Structures are given as C-alpha cells and as structure tokens.
Amino acid sequence: ARYGADFAFTALFIGLIAAPLGLWYLGRERDLTGRPATRLGVVWRFMLYGGLLAAGLQVLLALIFVVFGWFEAGGFMQGLGATETTLLIYGVGGLPVAILVGVSYALWAGLCVAFIAFQKSPDEVNDRLGLMGDRR
C-alpha cells in the first residue's frame, strides 16, 4: 500500500515546527538588539503582526455583525440565533481564512521591506566627534 499523508496534517505538522522556531528567532533578535538584525527577522515580524492584525480585525467585524443582528432580530431568541450564526460564520469559519490572507499579504510586504529598505546596521557606532555622550 502506498502511504499518502493528508495535506492538512502535513501543513499542521510543518506549522507546529516552524511557528515556535520563528518566534524563538524573533525573541533572540529582540533580546540582542531590540530590532530585527536580518532580513528574515523583518519578514517574520511582518508575518506575525500581519496575522495578529487580521485576526483582530476579523473578530471586530464578527462583533459588529453580532450587534447588527441584534437590531435586525424580532425578539430575544431570534437575536441569540443571529448571534450564534454570525459567530459561527465570521468567527469560526472566517477567522482562519482571514489569518491566512493577513499572513500572505504581510509576507509580501515583509519581503518588499526586507529587500528594498532593510540595511544591516553596525552593532556599535564609534563616537568620532564626541557628541553622543556616555551611553552606558
């Protein structure tokens, strides 16, 4: 019998390895300099914050639609039904799609920033003119 792995299982397995490694990498860069030190660090930050922004906006959209559903409902129980349906569609169903779209757009934006605007800065700048004062 031929072994065939499910695509969703494979993606989940890769995500279980890649996400913690990426977050560890971001934490290490932040501890060293407080800013991304490499192009990969720039891309990872864009992806992380893009996914978080997309998730936050999707939750906000779902909550706004819940409130709209309350005003459209004819009674209390109909309002509860509208709330359940709205949260199921926009919260449970729409949230993963929104996060994927947010991370995808953030990936492209991060790649553009990383290759167009990123320049590695030196670790220590010499105070040649004596204008920077004591920085310790």
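Tutor: Angles under 35 degrees count as roughly parallel, over 145 as roughly antiparallel, 65 to 115 as roughly perpendicular and the rest as oblique. The model is predicted, so local features need pLDDT of at least 70 and side-chain atom pairs pLDDT 80 or more, while totals for chains, interfaces and linings use all residues. Residues are numbered from 1 along each chain as its sequence is written, and side-chain values use heavy atoms, without hydrogens and water.

Student: How are α2 and α3 oriented to each other, roughly parallel or roughly antiparallel?

Tutor: Axes are lines fitted to C-alpha atoms, for helices over the stretch in contact, with angles from 0 to 180 degrees between N-to-C directions. The axes of α2 (residues 39-72) and α3 come within 6 Å and cross at roughly 155°. The two helices, α2 and α3, are therefore roughly antiparallel.

Student: Is Thr 86 buried or exposed?

Tutor: Thr 86 lies in helix α3 (residues 76-116), helices being DSSP runs of H or I with at least four residues. Buried means under 20% relative accessible area, exposed over 50%, and partly exposed in between (1.4 Å probe, protein chains only). Because its relative accessibility is 11%, Thr 86 counts as buried.

Student: Which residues does Thr 86 touch, not counting residues up to four places away in sequence?

Tutor: Contact means heavy atoms within 4.5 Å. With residues up to four places away in sequence left out, Thr 86 touches Ala 62, Phe 65, Val 66 and Gly 91.

Student: Which residues of α1 are buried?

Tutor: Helix α1 spans residues 7-33. What covers its buried residues includes α2. The buried residues of α1 are Gly 22, Tyr 25, Leu 26 and Glu 29.

Methods: Expected span 1.5 Å × (residues − 1).
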